[in-house]
Amino acid sequence: MKQSIAFVVPCLNAGGAQRVVSSLANLLVDEYQVHIIALYPCEPFYRLDKRIKIATCQDTYLLEPTLLQSIKNNYLLVRNLAKNLKKLQIDIAIGFLPATNVYTILACKMAKIPSIISERANPEFNRINKVWHTIRKLVYPYAHCLVVQTEGTKNYFKHYVNSKIQIIKNPNNTELLDKRDVNTPKENIILNVGRLIDLKNQDLLIRAFSNIKNTDWKVVLLGDGDNFESYKQLISNLGMQDQILLAGNIKNISEYYNKAKIFAFTSKHEGFPNVIIEAMSYGLACISTNCPYGPSEIIQHKVNGMLIPVGDQQALEENLSRLMNDTKLQAKFSENAKESVEAYSPTEIASQWRKLIHKLISNN
């Protein structure tokens, strides 16, 4: 009989953590009975294997709860999560994102099973309020293991989680890898993928590209977010409507990876940028800000891509222009990129998770 594992997430909408959970669940479903327990109901944005079971803890999400409502809601979330873990006979639960991690640790204590928690964002910049920061500091040491993606994140948490930290990189997306098509004609497209929010800093790319004299290149931004309308207005003000496209949230992202030549990433900070790995696996020549954390652990400057200082528009203009006009450099980065991201292959990352899960269940 297969052992049962449960991934615990706030919901299953579009997002980096949700994409990683979906990928891992699909990769592990042959060996384990895989469940995803969402705190709140939501239609899955990413494809899930039909064998994966989905459960929820609460029917509705309170937008602006009072203090008493918040306390009650948190209690109910932990209680209902513990009930799900017992009912589904889960052998180990894996939480994603700070608040959900806390719920997972407490619920696993109630269910008397081991817990793994995972931090995805950069804790130096992704600040949580003082109450949750204190709760996290008190509760995290009771997890059986904390999984992070970078040395920087590990260093941040090692002071109060001690030695129970393991670095496991994010897996490349299996479904995306299967859709690579070397026969798709390449176009003069500079691609950016991510939420349109301040920390992703896409206006840096918009402004930089508008200063580069060219007539046959386009920028395509995939994603949605708070800055969609302001970026639309900025593009209009710059007179770049014909060369910069805001495509919104789309599911056929492989279509753009296949036909783009360059991938430009402009974040101010990151937890671990999955999209760089995806772009490199498609052979796109990448240019990225050297933000904490992630890009410098993926890109070796001038070998398989370019790194520029965070927020440096002039550096972006100069290096992006060079890359646009140098087909040999594009080819060099493309070949080296595809080779270097083999370390993030789904098979390799899934193997690391299996070893950790097996170890913790066996020792419990």
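Two strands pair if DSSP finds at least two bridges between them. Helices (H or I, at least four residues) and strands (E, at least two) are DSSP runs, numbered from the N terminus. The model shown is predicted, so local features need pLDDT of at least 70 and side-chain atom pairs count only at pLDDT 80 or more, while totals for chains, interfaces and linings use all residues. Residues are numbered from 1 along each chain as its sequence is written, and side-chain values use heavy atoms, with hydrogens and water left out.

**Figure 1. Strands 8 and 9 run side by side in parallel.**
Strand 8 covers residues 189-193. Strand 9 covers residues 218-222. Five bridges join the two strands. Look at Val 193: Leu 222 in strand 9 stands opposite. Strand 9 is mostly covered, with four of its five residues buried. Buried means under 20% relative accessible area, exposed means over 50%, and partly exposed lies in between (1.4 Å probe, protein chains only). In a regular strand the side chains alternate between the two faces of the sheet.

**Figure 2. Glu 175 meets two partners, Arg 47 and Lys 179.**
A salt bridge is a side-chain nitrogen of Lys or Arg within 4 Å of a carboxyl oxygen of Asp or Glu. The structure holds 11 of them. In one, Glu 175 meets Arg 47 at 3.5 Å, N to O. This pair links distant parts of the chain, 128 residues apart. Glu 175 sits in helix 6 (residues 174-178). Arg 47 sits in the loop between strand 2 (33-38) and strand 3 (53-56). Glu 175 also meets Lys 179 in a salt bridge, at 3.6 Å, N to O. Glu 175 counts as partly exposed because its relative accessibility is 28%. Arg 47 is partly exposed at 45%, and Lys 179 is partly exposed at 38%. Side chains of opposite charge can pair when their charged atoms come close.

**Figure 3. Arg 136 and Glu 119 form a salt bridge.**
The closest N and O atoms are 3.2 Å apart. The two residues are 17 apart in the chain. Arg 136 belongs to helix 4 (residues 130-139). Glu 119 belongs to the loop between strand 5 (115-118) and helix 4. Are these residues buried or exposed? Arg 136 is buried, because its relative accessible area is 3%. Glu 119 is buried too, at 2%. Elsewhere, Asp 30, Asp 49 and Arg 51 are linked in a network of salt bridges.

**Figure 4. The side chain of Asn 258 reaches backbone atoms of Lys 179 and Asp 181.**
Asn 258 lies in helix 9 (residues 253-259). A relative accessibility of 9% is why Asn 258 counts as buried. A polar atom of its side chain lies 3.0 Å from the backbone oxygen of Lys 179. Contact means heavy atoms within 4.5 Å. Beyond four places in sequence, the contacts of Asn 258 include Thr 184, Lys 186 and Tyr 282.

**Figure 5. Ser 267 makes a polar contact with Glu 270.**
Their side chains come to 2.6 Å. A polar contact is a pair of N or O atoms within 3.5 Å; within protein, one must be able to donate a hydrogen and the other to accept it, and residues adjacent in sequence count only if both atoms are side-chain atoms. Ser 267 is found in the loop between strand 11 (262-265) and helix 10 (274-281). Ser 267 is buried, at 1% relative accessibility. Leaving aside neighbours within four places in sequence, Ser 267 is in contact with residues including Leu 199, Thr 289 and Val 310.

**Figure 6. Asn 201 has a positive phi, near 60 degrees, without being glycine.**
Asn 201 lies in the loop between strand 8 and helix 7 (202-210). With a relative accessible area of 10%, Asn 201 is buried. Not counting residues up to four places away in sequence, Asn 201 touches Tyr 231, Thr 266, Lys 268 and Gly 311. Lys 302 is not a glycine either, and has a positive phi of about 70 degrees. Lys 302 lies in the loop between helix 11 and strand 13 (306-308). Lys 302 is partly exposed, at 46% relative accessibility.

**Figure 7. The peptide bond from Pro 292 to Tyr 293 is cis.**
Its omega is near -10 degrees. Tyr 293 has its place in the loop between strand 12 (285-289) and helix 11 (295-298).
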